[in-house]
Amino acid sequence: MHEIEGFVEPAALAPSVKLTGIGKSFGAHRVLDDVSMDLFPGEVHVLAGENGAGKSTLIKILAGIHTDYDGMVMVGGKPTRFNNPHDASHSGISVIHQEMSLVESMSVAENIFLGHEPSRGPLLDRSQLTRRAFDLCAQLDLAFTAADLDRNVEEFSLAIKNRIEIAKALSLDARVIVMDEPTSALNSTEVERLFVLIESLRARGCAIVYISHKMEEIYRIADRITVLRDGRLVGTAPRAGCPQPVLLRWMIGRDLDGFAPPRAAPPESAVPALSVKDFTVPPSSPGRPPRVHKASFTVRAGEIVGLAGLQGSGASELLQGLFGAYGPVCEGTVSLAGNAACKPASPHDAIARGVALLTGDRKGTGLILDLSVQDNLTLAALPRLSDHGLVDKKRERNIAVKNVSDFGIRVHSIEQPVSALSGGNQQKVVLAKWMNTGPRVLLMEEPTRGIDIGAKHEIYEMINEWTARGVAILMLSTEMPEVLRLCDRILVMHRGEITAGFSRAEADPEKILAVAMGASTV
Amino acid sequence: MKLFLSSCFSKPWVRALFALVLIFAVGCIFNADGAFGRWSTHRDMLRQVSVYGILACGMTLVIITGGIDLAVGSVLGFSAVLFAMLSIHLGLPLLAVLPIVLGAGVACGLVSGTLVTRWRFQPFVATLSMMVFARGLAKWLSGGQKISSAVQQPDGSYSYVDLPPIFDWLDARLLGGNISAVTLVFIGCLVITWFVLCKLRYGRYLYATGGNEAAARLSGVPTVGARLLAYGMGGFFSAVAGICQTVQERQGDPESGVSYELTAIAIAVIGGNSLTGGRGGIGLTLMGALTIGYLEKILSINAVPESGRLMLTGVIIIAAVLLQRRKEA
Ligand SMILES: Nc1ncnc2c1ncn2[C@@H]1O[C@H](COP(=O)(O)OP(=O)(O)OP(=O)(O)O)[C@@H](O)[C@H]1O
Ligand SMILES: [Mg+2]
């Protein structure tokens, strides 16, 4: 374990929470061993480590989700053992999990107060519920009307849901707030807002545990950093005592060798792999503007085109529409590899034509959590892996084994349910699943969501190989450095229309953001 | 050791087997003066559980897609009547009767399946209406009478016709009298279900649809087709069960199969198939069927009165499901 010289713990304060010697096994697999960590009021404590290092597991112990563990949890100086999440939240510990944990079919207000509803005797106090939810949302800059508070959570975007989760944490008057990769689907403005909020929580004396794979974020907000590797504690250090090279060495166990070289753009003469003309996705309910309005563009073989746009810009809907996820309701023409124009009719058709869509929400639409890692990896490619409707088990297994080693997926066995994988490893499964379909056109939303920094660069290298083979990529990412690094061109969308295009040389984050927010000229 | 045990117990089939072994052990203790030691007891248990087991095969497929099929008992009754009328009264050859009866069963299943997929009915509601409808169909077709070898003449008197040979084949004991023919039919149904679930691409689609329909659809899984297959097969197995029931009762009774759907669901659930879909398998259903079969048999050879039997069965279902519950989500 590394001790940093000269670091004085904020000794004047007693730790809000102290974890000592925490260990946890799933079956025969030890995933945490002898981990200790303390949290002081008013500090932002970053928890870092590779995918599968045990960060989320540690947090779930603190949140009362895993109750069967070794070691001791002390809250406010008293040894405590939580039997369920309810206990933990009543001790002032509130967790925003990596995978959203709101009840989609309940209203915003009900979600915020779920488990501690304001009540008068046995009766729910509706007016107080709405009033207090309203106050909390106002604190968070969520401009909700009373009607919005009554709408179901499923109607809101991921960024809004993220803030609703924070509102829920605040409603408990939490002393410790844990955020497990809260920014993995937020754009830069939304991240800024979150940081302002974290600042104010810190000023109020909350202890904040922040898990992230994004270096910029870590170095902006961390007071102290704790690193886990393979379930063991590597060390804890104040931010100044842990510069990035040290942090990377702690996380990976060696120095990170050179990053993949940026790719060369495909020649102008490359054939178009995807040509879209006047593509329109009708509104979800009549009377609204169309979700995508007359989008026209081409993506050449071997080219990566990025889509930029704020929530509701239609970028995600454009990808879904091209994949046939809305059924045959879209207008306009789409042609693949110069073939005759066709209309995207269904995902099944799209896959058969060599189009793949990696969605941004891996739990909701990317994976089947109950199925095994192997079944998930091969699900979309089953027609290629079967003969007269019979699955070729041997080929299937070989492919899954190869995926696991190619993508560096950390699993105990490929028969394991995919739900038992860490978040980043689940994301690698989704990527591998789509590559197994042999796509010529790859549509992606947040392709590296939750993937650690080392693995991310391996994936960038793989993307280079795919494009070298002529795969065309159309992607959407809220992570600007990733977009600028990968994409040859960037199309910006605003209110359902493509409003500007930038080449890699012209692109710069401020210009893109300005257009995305609706500026007409740059 | 503790570790080994706990990792074993995280597998559903180990827990299902544990429940079965437990029940078996109870049988060895309360063996009704050695009756439990005789093969004939086990043979009869297998015969009695076969019709329920055949229904449970279809139920397993439907449950894996995240649905439920309440209509299996009624479709059994309808198929029983149809089979008896065609084969006894009309005297049609078996080669004509079987496709008609099995086809009618499949059709009932497909109607439920269409209600669920195209019109987005909840499976509970869709199959509840099919349950009522098919029972009505059975009664209308039979005129409320049991269809047997006694045929009523226009003048009110009865004449008797011969039962076709299938009644003797299927009601026979084979392999030196050691196993009933219906049990072999049950085994055949298990094999078909296993083949669909484990070998066919569509089997995987059933799990995927039940596990997460949105993700499955976006992976190119024909979720509508998968659901239709499950309900269609459910109807098919109900018709098979209806034929077996008719043969054993030697008549087609429009009232047969009432509440059998509940036993079929109990078998699937005791085996450890998850009612939320996406998880389960035919091996679990087999163990569930044997558990229920032995339970009934042990209670009956020990002459436990029916009231006690029902209460005990209820308690044991709860116990088995508690045993099945996964410890950590
Ligand atoms: N329910 C479970 N059953 C079995 N193994 C599990 C379960 N949950 C987690 N694990 C294992 O524990 C290890 C740590 O997982 P954890 O989710 O804590 O990683 P993480 O550090 O949060 O990674 P990521 O950055 O990818 O989110 C992984 O190897 C994972 O496979
Ligand atoms: Mg995690």
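**Exercise 1.** Determine which residue classes make up the lining of the second largest cavity in this predicted model, and where that lining comes from.

*Solution.* Step 1: sort the lining by class. The second largest cavity has 10 nonpolar, one polar and three charged residues in its lining.
Step 1: find the residues at its centre. Among the 14 lining residues, those nearest the centre are Leu322(A), Val334(A), Leu336(A), Pro344(A) and Val355(A).
Step 2: assign the lining to elements. In chain A, strand S16 (331–336) and helix H11 (347–352) each contribute at least two lining residues.
Step 3: state the volume, which is about 100 Å³.

**Exercise 2.** State how many cavities of 30 Å³ or more the whole structure holds, and describe the lining of the largest cavity.

**Exercise 3.** Describe the second largest pocket by its volume and by the elements that line it.

*Solution.* Step 1: the volume of the second largest pocket is about 710 Å³.
Step 1: its lining consists of 27 residues, with Tyr52(B), Thr263(B), Ile292(B), Glu296(B) and Thr313(B) nearest the centre.
Step 2: the elements of chain B that give two or more residues to this lining are helix H3 (39–64), helix H11 (223–249), helix H12 (260–271), helix H13 (282–301) and helix H14 (306–324).
Step 3: by class, the lining of this pocket divides into 13 nonpolar, nine polar and five charged residues.

**Exercise 4.** Why can chain A be called as compact as a globular protein of its length?

*Solution.* Step 1: list the secondary structure. Chain A contains 18 helices and 23 strands.
Step 1: compare the radius of gyration with the globule rule. The value for chain A is 24 Å, close to the 24 Å given by the rule for 522 residues, so chain A is as compact as a globular protein of that length.
Step 2: The C-alpha atoms of chain A fill a box of roughly 70 × 55 × 50 Å along the principal axes.
Step 3: consider burial and contacts. Of the 522 residues of chain A, 54% count as buried. Among contacts in chain A with a separation of 6 or more, 65% join residues 24 or more positions apart.
Step 4: Chain A exposes about 21600 Å², of which carbon and sulfur atoms supply 53%.

Technical notes: Residues are numbered from 1 along each chain as its sequence is written. Chains are lettered from A and ligands numbered from 1 in the order in which they are written. This is a predicted model: local features need pLDDT of at least 70, side-chain atom pairs count only at pLDDT 80 or more; totals for chains, interfaces and linings use all residues. Side-chain values use heavy atoms; hydrogens and water are left out. On a 1 Å grid over the protein atoms alone, a cavity is a set of points where a 1.4 Å probe fits but cannot get out, and a pocket is an open set with protein on both sides within 12 Å along at least five of seven lines; lining residues have an atom within 4 Å of a point. Grid points are joined across faces, edges and corners, and a volume is the space filled by probe spheres set on the points. Ala, Val, Leu, Ile, Met, Phe, Trp, Tyr, Cys and Pro count as nonpolar, Asp, Glu, Lys and Arg as charged, and the others, Gly among them, as polar. Helices (H or I, at least four residues) and strands (E, at least two) are DSSP runs, numbered from the N terminus. The radius of gyration is taken over C-alpha atoms; the globule rule is 2.2 Å times the number of residues to the power 0.38. Buried means under 20% relative accessible area, exposed over 50%, partly exposed in between (1.4 Å probe, protein chains only). Contact means heavy atoms within 4.5 Å. Accessible areas come from the Shrake-Rupley method with a 1.4 Å probe; for residues, only the protein chains shown count as cover.
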